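Me: I would like to go through the labels used for this protein and see what each one rests on. Please set each value against its definition.

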Amino acid sequence: ALRKIRRLLRARARVVLVSPAARPELRRMASARKIVWIRRSFAKSVLNACGARLVFACTDSEETNKRVGLAASRANLWVNRADSPADSTAHLPAVARLGTHLRLAIFSDGRAPVFVKYVRKRLEKVMGMRLAEELKVLEEFRKRIRERVDGAPRRKRILTRLLEDGTVERLALKPARLRAALMGRWMEDMT
């Protein structure tokens, strides 16, 4: 539950935790008013009372998760059951963070959550900083091209070519000072 709550908070969701007990970090979140904590066992009346639209059943009890999932389904709410993807109507992708500004969602329609998590970790490890540097190069090119080239379709063609011909990838591997000089030269040749 903690992992999902953190992710929902990053997305600025309103989170209501229904549980008679909570881990220390969740209690701190409730005290700081980051989440609403209803200190009781699940009852279907809670779904209406808290205005739920998406329900996560992620307890250690299969029976409780089943009751939560059935109640949410009967109330026509999206439900994600941590213990049973097949009984879920909502599946969340794993999100690989590749640098500061690039996110990549990986999804298996609930068929293989463990594999999706593995792919996310592998992408972050193998491609993370490399793709982050490529994004920086592309952002700088985009800024320079917007200053010099009229028309969005033409700018898009130029940026696409820079990606597809490997220019962005090659420049991302260069030190920042050399990268700036090479980019400047490329822009001069282009105009």
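Reply: Start with a pair of helices: the crossing of helix 1 and helix 2 is left-handed. A crossing is left-handed if the near helix is turned anticlockwise from the far one by less than a right angle, and right-handed if clockwise. The model is predicted, so local features need pLDDT of at least 70 and side-chain atom pairs count only at pLDDT 80 or more, while totals for chains, interfaces and linings use all residues. Residues are numbered from 1 along each chain as its sequence is written, and side-chain values use heavy atoms, with hydrogens and water left out.

Me: What makes a stretch count as a helix or a strand?
Reply: Both are DSSP runs, numbered from the N terminus: helices are H or I with at least four residues, strands are E with at least two. The protein chain has 8 helices and 6 strands. Their order from the N terminus is α-β-α-β-α-β-α-β-β-β-α-α-α-α.

Me: Why is helix 1 called roughly parallel to helix 2?
Reply: The axes of helix 1 (residues 2-10) and helix 2 (residues 24-31) cross at roughly 30 degrees and come within 10 Å. Angles under 35 degrees count as roughly parallel, over 145 as roughly antiparallel, 65 to 115 as roughly perpendicular and the rest as oblique. Therefore helix 1 is roughly parallel to helix 2. Axes here are lines fitted to C-alpha atoms, for helices over the stretch in contact, with angles from 0 to 180 degrees between N-to-C directions.

Me: Which residues of helix 1 and helix 2 meet?
Reply: Leu2, Ile5, Arg6 and Leu9 of helix 1 meet Glu25, Leu26 and Met29 of helix 2, where contact means heavy atoms within 4.5 Å. By class, this contact has 5 nonpolar, no polar and 2 charged residues. Ala, Val, Leu, Ile, Met, Phe, Trp, Tyr, Cys and Pro count as nonpolar, Asp, Glu, Lys and Arg as charged, and the others, Gly among them, as polar.

Me: What makes helix 5 roughly antiparallel to helix 6?
Reply: The axes of helix 5 (residues 113-148) and helix 6 (residues 152-164) come within 11 Å and cross at roughly 150 degrees. That angle makes the two helices roughly antiparallel. Helix 5 passes helix 6 in a right-handed crossing. Leu138, Phe141, Arg142, Ile145 and Arg146 of helix 5 make the contact with Arg155, Ile158, Leu159, Leu162 and Leu163 of helix 6. These residues divide into 7 nonpolar, no polar and 3 charged.

Me: Why is Glu134 called buried?
Reply: Buried means under 20% relative accessible area, exposed over 50% and partly exposed in between (1.4 Å probe, protein chains only). Glu134 has 16%, so it is buried. This residue is found in helix 5. Leaving out residues up to four places away in sequence, Glu134 touches Val168, Glu169 and Ala172.

Me: Is Pro175 buried or exposed?
Reply: Pro175 counts as exposed because its relative accessibility is 55%. Pro175 lies in the loop between helix 7 (167-172) and helix 8 (176-190). From C-alpha to C-alpha, Pro175 and Glu134 are 12 Å apart in space, and they are 41 residues apart in sequence.

Me: Why does Leu135 count as partly exposed?
Reply: Leu135 has 25% relative accessibility, so it counts as partly exposed. Leu135 lies in helix 5. Neighbours within four places in sequence aside, Leu135 is in contact with His101 and Leu102.
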